[in-house]
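This report goes through selected features of one structure, from charged pairs to helices and single residues. The sequence and the structure come first.

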Amino acid sequence: MISSRLQLDSIAVHAGREDLAQLGVHALPLDLSSTNPLPDIEAGGLSYEAMAGGGTPYAEGGAVYGRLWNPTVARFESALARMEHTEAAVAFSSGMAATTAAILATTRETGHRHIVAVRPLYGGTDHLLASGVLGVEATYCTAEGVAAALRPDTALIILETPANPTLDLVDIRAVAEAARGVPVLVDNTFATPILQNPVDFGASMVLHSATKYLGGHGDVIAGVIACDQKQAAALRRVRAITGALLHPLGAYLLHRGLATLPIRVRAQQANAQRVAAWLSTHPSVSRVHYPGIAGDPQGLLDRQMRGTGAMISIDLRGGLEQARHLTSTVRLFTHAVSLGGVDSLIQHPAALTHRPVAPEARPPAGLVRLSIGLEDHEDLMADLDQALAARRPAAAHAGAPHP
Ligand SMILES: *Cc1c(COP(=O)(O)O)cnc(C)c1O
């Protein structure tokens, strides 16, 4: 184990690589084996039993089968756990597979079937809870409404901060204190472990859609949950049974990318701060959603975050029509869902990522979400400016109502 006194940037470069020198290699090994030679029936059987129950392979028995355990995935998990200040982490084939496992594990452990969900949430999470496919019942509420929403049969509380797509901040400690022992899962996708560590404020599980900033290059779909050993065992058990292990190539790319995560996040954030400030003076924009831009009344930026991140949402004066025009007129931004990569993306949450959300909780038609990448900030602003200027909002025209 590398020294626990290292700073975050050093941990990002070195964590999860402790066994490499012993293996005689410098770069991360990528183990693609779908099955593993068995030493003998007894040792193989013991290893299988340990992993099917959520444990780690029995030393003499090996990994047995690629759905149960993979060393490339395990190295990524131990690195992410270090960065999130947790004992363990469990990686999945997508962020939604990770959320599903958290729900299945906590409902199975407690025998309870009620979930409290603090809105807004990523559209897919909101939809998973409302769809009924996991047989749970969700109560949606605000952060202040958590205590009132709790029931004796509540198995899990889910929240996101900053939230997708409004960038609302939620007081993690306040929710954890209101939780009365019910586990709190915080979706930390937008902040990344560089800007926020939810367990330091009482969260019990930290979820990432690793598809986003952790991957950072738009070429991996993955999810990961950082938590304590007991919860990790319950999650690994669900993962082994349902078959949701992350593919080792994805884990390799994610682990490789962790080394540059701190500098990517800070550079993207520096760009986003400039773009957000500029957008807040733009005549086509009625409101910029960006942490701290309208002040920080609860003091959450100071208390629980180390930065404002690189996601921005804007309300357009021209509403849906201008959103349609903006997203189809940008040239440097790519009109696409997803976020957190080195290149800038733009999308319309109400039509795309938050489409399955109930109408009363869906983002407004004039809201557009930007994921700011590593391009030059002047180029990004110039691109947005031409796309916002090319056609003035409908309201500025003579006023024939849109059919
Ligand atoms: C994308 C996303 C998810 C879902 O992750 P997938 O990897 O797409 O399954 C969950 N939460 C947030 C905040 C997201 O942006």
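The side chains of E109 and K230 form a salt bridge, with an N to O distance of 3.9 Å. The two residues belong to distant parts of the chain: E109 is in helix α5 (residues 95–110) and K230 is in helix α10 (residues 229–242), 121 residues apart. A salt bridge here is a side-chain nitrogen of Lys or Arg within 4 Å of a carboxyl oxygen of Asp or Glu. Helices (H or I, at least four residues) and strands (E, at least two) are DSSP runs, numbered from the N terminus.

E109 is partly exposed, at a relative accessible area of 45%, and K230 counts as exposed because its relative accessibility is 62%. The classes are buried (under 20% relative accessible area), exposed (over 50%) and partly exposed (in between), with a 1.4 Å probe and protein chains only.

## Basis of the values

This is a predicted model, in which local features need pLDDT of at least 70 and side-chain atom pairs count only at pLDDT 80 or more, while totals for chains, interfaces and linings use all residues. Residues are numbered from 1 along each chain as its sequence is written, and side-chain values use heavy atoms, with hydrogens and water left out.

## Other salt bridges

The whole structure holds eight salt bridges. Side chains of opposite charge can pair when their charged atoms come close. In one of the eight, R119 pairs with D126, and the closest N and O atoms are 2.8 Å apart. D126 counts as buried, at 2% relative accessibility, whereas R119 is partly exposed at 22%.

E137 and R151 form another salt bridge, their closest N and O atoms being 3.1 Å apart. E137 lies in strand β3 (residues 137–141) and R151 in the loop between α7 (146–149) and β4 (154–160), so this pair ties together parts that are 14 residues apart in sequence. Both are partly exposed: E137 has a relative accessible area of 42% and R151 one of 30%. With D153, E137 and R151 are linked in a network of salt bridges.

## Helix α6

D126 is also one of the buried residues of helix α6 (residues 123–131), along with G123, G124, T125, L128 and L129. These buried residues pack against α5, β2 (114–118), β3 and β4, where contact means heavy atoms within 4.5 Å. Just after α6, G132 has a positive phi of about 80°.

At the N-terminal end, N70 caps α4, with a side-chain oxygen 2.8 Å from the backbone nitrogen of T72. Such a polar contact is a pair of N or O atoms within 3.5 Å; within protein, one must be able to donate a hydrogen and the other to accept it, and residues adjacent in sequence count only if both atoms are side-chain atoms. After α4 comes H85, with a positive phi near 65°.

Of the 14 residues of α4, 12 are buried, so the helix is largely enclosed by the rest of the structure. Among them are V73, R75, E77, L80 and M83. F76, also in α4, is buried at 0% relative accessibility. Leaving aside neighbours within four places in sequence, F76 is in contact with A91, L214, V224, L246, A251, L254, H255 and L258.

## T161 in its loop

T161 sits in the loop between β4 and α8 (172–178) and counts as buried, at 0% relative accessibility. A polar atom of the T161 side chain lies 2.9 Å from the backbone nitrogen of V170. Not counting residues up to four places away in sequence, T161 touches D168, L169, V170, I172, V186, D187, N188, A191, Q196 and Q304.
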